Amino acid sequence: MSEKPKLIVPLTKSPHSGRSESLNEQDWYKGLQKALEIFEPGDKILIISDVQIAGEKHEADIYFDTLINLGADASNIETIRAGEETVGQIHVADREATQRDIKLVFIVTATHYSRVKWIVWFDNIDAVVIKVGGLPRKSERLTDFILTFLFPIIDILSLRSTFLKKVIEKRSEGKFRLFK
């Protein structure tokens, strides 16, 4: 019996303007390259994001267009405009994979990896998490580093819903950085 097809979810990581690295060096771009590298017939790539920064293309559109430019077939890519933050995106992906009875694979940046592994473990989600390299946005390095250690504490203290509410409120005000 063959292995189940995969639902490949590159978790989004700020592809918007303002990065100083070349595109080929950026972590989010390397995530899309990895998604295409592991893609096999029958798989789907799912982009989950509802991040819209003023004056920029929607994050999901940037990911979709970049996948097409990298050679992906549009019929193998789906987008869901939901999830302004990592936890929401993970839960949407889990729901989609469960409904489709398909193997869930997250592609994550190195700075996102530990937090995603924690959330997947803590929330008992059946998923493979693949880490990619590349250079993160400079302004997010500190945030991701802090959240690597802070997020498990937030969960252990049962403060996740309070934390996520604050994150979503900030993002609705156009603020996308927790720490500067």
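Guide: Helices (H or I, at least four residues) and strands (E, at least two) are DSSP runs, numbered from the N terminus. This is a predicted model, in which local features need pLDDT of at least 70 and side-chain atom pairs count only at pLDDT 80 or more, while totals for chains, interfaces and linings use all residues. Residues are numbered from 1 along each chain as its sequence is written, and side-chain values use heavy atoms, with hydrogens and water left out.

Visitor: What makes a space a pocket, and which residues line the largest pocket?

Guide: On a 1 Å grid over the protein atoms alone, a pocket is an open set of points with protein on both sides within 12 Å along at least five of seven lines, whereas a cavity is a set where a 1.4 Å probe fits but cannot get out; lining residues have an atom within 4 Å of a point. The largest pocket is lined by K4, D94, A97, T98, D101, I102, K103, L104, D126, A127 and V128. Two or more of these lining residues come from each of α3 (86–100) and β4, and α3 gives the largest share, 3 residues.

Visitor: How many cavities of 30 Å³ or more does the structure hold?

Guide: There are 2 cavities of 30 Å³ or more. A volume is the space filled by probe spheres set on the grid points, which are joined across faces, edges and corners, and by that definition the second largest cavity has about 40 Å³. Among the residues that line the second largest cavity are W28, Y63 and V132, and α1 (27–38) and β4 (103–109) each supply at least two of its lining residues.
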